[in-house]
Amino acid sequence: MNLAAAVPWMRFSCLSLIAALSLLPPVNAQVINLPSNNQAQPIDPNNPNNLRPVTQNNTLLSIESGDRLMNEAQAAVESQKYDVAANKLQEARQVFNQLSNFYQDLNSSFSGIDTRVSDSQRKKALESAQKRDEATYRLALVHRAQNKSELAVPLLIQIIKSQNPTRELGKKAYQQLLELGFVDTPYPRQGGSSSSQK
């Protein structure tokens, strides 16, 4: 069969197929309802189509959400449900850490462009970091209550590194290390100066 004879045949076959498909009834999409879980989904910062406001009470990525997790953890501690408290505090740490990192990124992005926006984001980053360290401290205390000092020690050291030993939370974290026997030199020193003496 030569090519000149094949082209009209292919054209006729395609037109026949199109005509046959146009006679079929339209197909309606079926919607499958999946069981809903009330778990918050992580926000993709690279998705420009995500227009949900983060100030809603149901979003996981907010200071209010982290505070809610901290309150739930406190209630669990009071009920001596330490595993539940540990999970809630770990979630709160993650929320506050992500918030702090995102606000720091925004601060850096606006630095030198708009001081007002940059300062606002820097303050939010500091507030989130402080709350993260508070959640970390409470988690370390929960681990102590569970006799899991091997989990408490790294958390306490993270707090001291983040807060500095001279700040109140840093001092409390160091005191916990002293009580655990991980360190043996009290800080601050009793009777005045905390600087090293020769």
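This is a predicted model: local features need pLDDT of at least 70, side-chain atom pairs count only at pLDDT 80 or more; totals for chains, interfaces and linings use all residues.
At 1.5 Å a residue, its 29 residues should span 42 Å, and I found the end C-alpha atoms of α3 42 Å apart, so the expectation and the model agree.

**Entry: what follows α3.** I checked the backbone just after α3 and noted that glycine 112 has a positive phi of about 85° there.

**Entry: α2 against α3.** I then turned to the packing of two helices, which is described by the angle between their axes and the distance between the axes. For α2 (residues 63-78) and α3 (residues 82-110), I recorded an angle of about 165° and an axis separation of 8 Å. The angle is over 145°, the cut-off for this class, and therefore α2 is roughly antiparallel to α3.

On the α2 side they are Ile63, Gly66, Asp67, Leu69, Met70, Glu72, Ala73, Ala76 and Val77. On the α3 side they are Tyr82, Val84, Ala85, Lys88, Leu89, Glu91, Ala92, Val95, Phe96 and Leu99. Sorted by class, the contact of α2 with α3 comprises 14 nonpolar residues, four charged residues and one polar residue.

**Entry: buried positions of α3.** Which residues of α3 are buried? I noted Ala85, Ala86, Leu89, Ala92, Arg93, Val95, Phe96, Leu99, Ser100, Tyr103 and Asn107. I also asked which helices the buried residues of α3 pack against. The partners are α2, α4 (115-145) and α5 (149-163).

**Entry: alanine 85.** Beyond its neighbours within four places in sequence, I found alanine 85 in contact with Ala73, Ala76, Val77 and Val142. For alanine 73, which is 12 residues away along the chain, I recorded a C-alpha separation of 4.2 Å from alanine 85.

**Entry: threonine 166.** I looked up a loop residue as well: threonine 166 lies between α5 and α6 (168-180). Apart from neighbours within four places in sequence, threonine 166 is in contact with Lys171 and Tyr187. I also noted proline 188, 22 residues from threonine 166 in sequence, with 8.3 Å between their C-alpha atoms.

Note on methods. Residues are numbered from 1 along each chain as its sequence is written. Side-chain values use heavy atoms; hydrogens and water are left out. Axes are lines fitted to C-alpha atoms, for helices over the stretch in contact, and angles run from 0 to 180 degrees between N-to-C directions. Helices (H or I, at least four residues) and strands (E, at least two) are DSSP runs, numbered from the N terminus. Angles under 35 degrees count as roughly parallel, over 145 as roughly antiparallel, 65 to 115 as roughly perpendicular and the rest as oblique. Contact means heavy atoms within 4.5 Å. Ala, Val, Leu, Ile, Met, Phe, Trp, Tyr, Cys and Pro count as nonpolar, Asp, Glu, Lys and Arg as charged, and the others, Gly among them, as polar. The expected span of a helix is 1.5 Å times one less than its number of residues. Buried means under 20% relative accessible area, exposed over 50%, partly exposed in between (1.4 Å probe, protein chains only).
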